[in-house]
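Please open the model in your viewer and keep the selection panel at hand. The tour below moves from one selection to the next and says what is found at each stop.

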Amino acid sequence: MEILETSRPGKGPGKPANADASAASTLADTIAAANADGRIPRVGFVSLGCPKALVDSERILTQLRTEGYQVTAEYADADVVVVNTCGFIDSAKAESLEVIGEALAENGKVIVTGCMGVEESAIRKVHPSVLSVTGPQQYEEVVRAVHSAAPPRADHNPYLDLVPPQGVKLTPRHYAYLKISEGCNHRCSFCIIPSMRGDLVSRPVGDVLSEAERLVKAGVKELLVISQDTSAYGVDVKFRSGFWNGRPVRTRMTELCEALSELGVWTRLHYVYPYPHVDEIIGLMANNKVLPYLDIPFQHASPRVLKLMKRPAFEDKTLARIKKWREQCPDLTLRSTFIVGFPGETEDDFKYLLDWMSEAQLDRVGCFQYSPVEGAPANLLADQVPDEVKQDRWERFMEHQQAISTARLAKRVGREIDVLIDEVEEEGAIGRSSADAPEIDGCVYVTTDQAVKPGDIVRVRVTDSDEYDLYAEQI
């Protein structure tokens, strides 16, 4: 049975139909390259959850490859299997337990890590035979557990089996996630991330920029900046200056983006809270220094629900700021996620949200029905919303936003835009514009008679659109 895969729950409605197949193909290519030298021992790897967990998986695999381990896509070929779990919501925990069980049944030697690893007793209650359980970011413990289960070869020479400077990546060669911090200082009532990953810890700005530089030298055309709270980068170190290429750079989002713009590739910002200093980033977008794309997890619009969520948001000023941002940067794309059916949400709160969406005119939106998470304070709130009401509100929300998305994309017909090619098929090429993040947003389907390949940035003219995607001809 084939393993080594990634799974990212919470994909938005614009997910390409072939996104999972594309990710699997990319991963298979990575595995084939990693195993080219035919060395042993072999490790199987399953990475579940968000891009931040994917980066954790990449770090573990990079260390194991440095020590001479191979990565295999078959349970039967693996000396041990590592499962990087997701524990954000109950459905993700259920998927993690299912995958652990599958790995045990197919291989028998399983190491568990990741966000659900903080609940070791829950994992061992279902799967008592797992070899070890660790939480997120515990890279050294995972590597030690692999050593114990499948010792590295004593004659391994790292100088003869070099890992690329950018490390092992589980994304296509032309884009990569750049994690700038760990943890979060917020205490949203529906979230247990701080209990799993701790408070905010910003990576040294010099380390972040040096990693970005290595990725670009390796052929990356798009850097996707991720964290739990990108806007808070540097808060924990009081925005102190670090050094990159011999010059000082402040550990702060604006200065980081300024420096990244010098690398000459697309830079896309995810998980941005709408703090006041985010206004500074809009100017960089207007001047083409970073992509005009902001991923802001608003989660709701009703002031009462936001208060129950303990969200660091200012709903009354957000619409005015969005209007100002678009005046300054007309090409700005706004993506967000929302939760419907949160405890205490009334029909009036929900209608307020729909009215707010009509005013905000967001471009890319994902929506989730509230799901209780063990340990989250929201579980104790009164007035839990019945499942059938959650489903009804979710359907109404998606229908409402679909109409907004359709209208906004229709306005792009006739325009000329740049598209980063992700894959090439007989019928043409599939890529993304500045408005489309991989895996979660829509695609641009390009008709072309020219030779193009993944990673190319081509100029196209948009000829048609639908609810989530664009169709274009290469110029």
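Select helix H2, residues 51-66, whose 16 residues reach 22 Å from the first C-alpha to the last, close to the 22 Å expected at 1.5 Å a residue (the expected span being 1.5 Å times one less than the number of residues; helices are DSSP runs of H or I of at least four residues and strands are E runs of at least two, numbered from the N terminus). Because 13 of its 16 residues are buried, H2 is largely enclosed by the rest of the structure (buried means under 20% relative accessible area, exposed over 50% and partly exposed in between, with a 1.4 Å probe and protein chains only). After H2 comes Gly-68, with a positive phi near 95°.

This is a predicted model, in which local features need pLDDT of at least 70 and side-chain atom pairs count only at pLDDT 80 or more, while totals for chains, interfaces and linings use all residues. Residues are numbered from 1 along each chain as its sequence is written, and side-chain values use heavy atoms, leaving out hydrogens and water.

Next, select Ser-434, in the loop between strand E18 (428-432) and strand E19 (444-447). Ser-434 is buried, with a relative accessible area of 18%. Leaving aside residues up to four places away in sequence, Ser-434 touches Trp-266, Arg-268, Leu-291, Pro-292, Tyr-293 and Asp-418 (contact means heavy atoms within 4.5 Å).

Finally, show helix H12 (residues 347-360) with helix H13 (residues 387-410), which pack at an angle of about 10° with their axes 10 Å apart (axes are lines fitted to C-alpha atoms, for helices over the stretch in contact, and angles run from 0 to 180 degrees between N-to-C directions).
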